[in-house]
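This briefing walks through one protein chain, topic by topic, for a reader who is new to looking at structures. Please keep the sequence and the 3D view open while reading.

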Amino acid sequence: MTLTVPERLSIELTNQCGKGCSFCYNGSDRVGATLFTVDELCQFAESCVAYGTRAISLGGGEPLEYDGLYELFRRLDGLVFRSMTTNGLLLDDAIDDVVAARPDKVHVSVHFPKNEKEVARVVRQVKMLEERGVTSGVNLLVRRSELSAATHVRKTLHEAGVDNRRIVYLPMRGSDTPTPREVADVAGPPFQSMTCLNECGKSPRFCSIAWDKSVAWCSYTVTRRQMKTLDAAGLAGALDGLGLQFCGDEVPLMPATLKKRDALGSTR
């Protein structure tokens, strides 16, 4: 039987995170845990690449709090596209190690658009990464209650030379979820967001693997299943017949005309 696995995998290395945001989709906290070793992750990646995976995004929790991060980047270098999403709290002290690990891309998150210090730090860090030769960008969390603040951050980023090709606009999930139209108004077309911005649904090109080795079609859904084996066969088996429960507020879908006009690209 020929296996089919998604070409893009999001792997939560740990659910440990010093930021401890109350809205975190996987309940990350300052203690946290992980069930992954570097050897397991490398073997898993090699197996999935053999069956079609082309990109792996490392997150958490906070990936900079995972002890084997740099070794993992080095061992996967040349095998697969390797990106990372970080809250940036540890990035200033870790910058030399991050640069030496040669990630293909690093995104720094703005979780609180009203927090001017956080926004200024993220702008500085993204430019710092760029100056050190690391492709960088920003994940901007958009709340329905803070649309003007998110719009202000977008303008600040653009003024700093970080345009929409380097920004991913992520709608808040669980509560305070903006409509697709509101996200588009914040971003200004064209823009990048999640593939499920238009409507909740599976993408055959993407899946999420949690720190506890469970699998889902989306990073935010509670519909998950454990892999029986940590390889391409285990991933394909866990995804087979797996459902998908909507993770946001009930909001209107994006009109078809808006889909065509505003979508630059999409990401999970």
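Predicted model: local features only at pLDDT ≥ 70, side-chain atom pairs only at ≥ 80, totals over all residues.

In which segment does V5 lie? V5 is found in the segment before β1, a strand that covers residues 8-12.

**V5 and its surroundings**
- V5 has a relative accessible area of 8%, and because buried means under 20%, V5 counts as buried.
- V5 and C48 are 43 residues apart along the chain, yet their C-alpha atoms are separated by 6.8 Å.
- Leaving aside residues up to four places away in sequence, V5 touches C48, Y51, G52 and T53, and also A232, L235 and A236.

**The nonpolar cores**
- The largest nonpolar core has 66 residues, and those with the most contacts inside it are I11, L69, Y169, I209 and L235.
- Helix α1, residues 38-49, supplies the largest share of this core, namely seven residues.
- Another core lies apart from it and has nine residues, among them V168, L170, M172 and C218.
- L235, when residues up to four places away in sequence are not counted, touches a set of residues that includes V5, P6, L9, F44, C48 and I209.

**Helix α7**
- Helix α7, residues 232-239, is mostly covered, since six of its eight residues are buried, and these are A232, G234, L235, A236, A238 and L239.
- The buried residues of α7 pack against β1 and α1, and also against the strands β8 (206-209), β9 (214-216) and β10 (225-226).
- Just after α7 comes G241, which takes a positive phi of about 75 degrees.

- The axes of helix α2 (residues 69-76) and helix α3 (residues 91-101) come within 9 Å and cross at roughly 20 degrees; angles under 35 degrees count as roughly parallel, so α2 is roughly parallel to α3.
- In this contact, Y70, F73 and R74 of α2 meet A94, D97, V98 and A101 of α3, and the residues divide into five nonpolar, no polar and two charged.
- Helix α3 also packs with helix α4 (residues 116-131), at an angle of about 15 degrees and with the axes 11 Å apart, which means that α3 is roughly parallel to α4.
- The contact of α3 with α4 is made by L91, D92, I95 and V98 on the α3 side and by R124, Q125, M128 and L129 on the α4 side; by class, it has five nonpolar, one polar and two charged residues.

- The peptide bond from G60 to G61 is cis, with omega near 15 degrees, and G61 lies in the loop between β2 (55-59) and α2.
- P189 and P190 are likewise joined by a cis peptide bond, with omega about -10 degrees, and P190 lies in the loop between α6 (180-187) and β7 (191-193).
- D176, although it is not a glycine, has a positive phi of about 60 degrees; D176 sits in the loop between β6 (167-171) and α6 and is partly exposed, with a relative accessible area of 25%.
- K213, in the loop between β8 and β9, is a residue other than glycine with a positive phi, near 70 degrees.
- Is K213 buried or exposed? With a relative accessible area of 19%, K213 is buried, because the cut-off for buried is under 20%.

Conventions
Residues numbered from 1 in each chain as written. Heavy atoms only, no water. Helix = DSSP H or I, 4+ residues; strand = E, 2+ residues; numbered from the N terminus. Buried < 20%, exposed > 50% of the residue type's maximum accessible area, 1.4 Å probe, protein only. Contact = heavy atoms within 4.5 Å. Axes fitted to C-alpha atoms, helices over the stretch in contact; angles between N-to-C directions. Parallel < 35°, antiparallel > 145°, perpendicular 65-115°, else oblique. Nonpolar A, V, L, I, M, F, W, Y, C, P; charged D, E, K, R; others polar. Core = buried A, V, L, I, M, F, W, Y, C linked by side-chain atoms within 4.5 Å.
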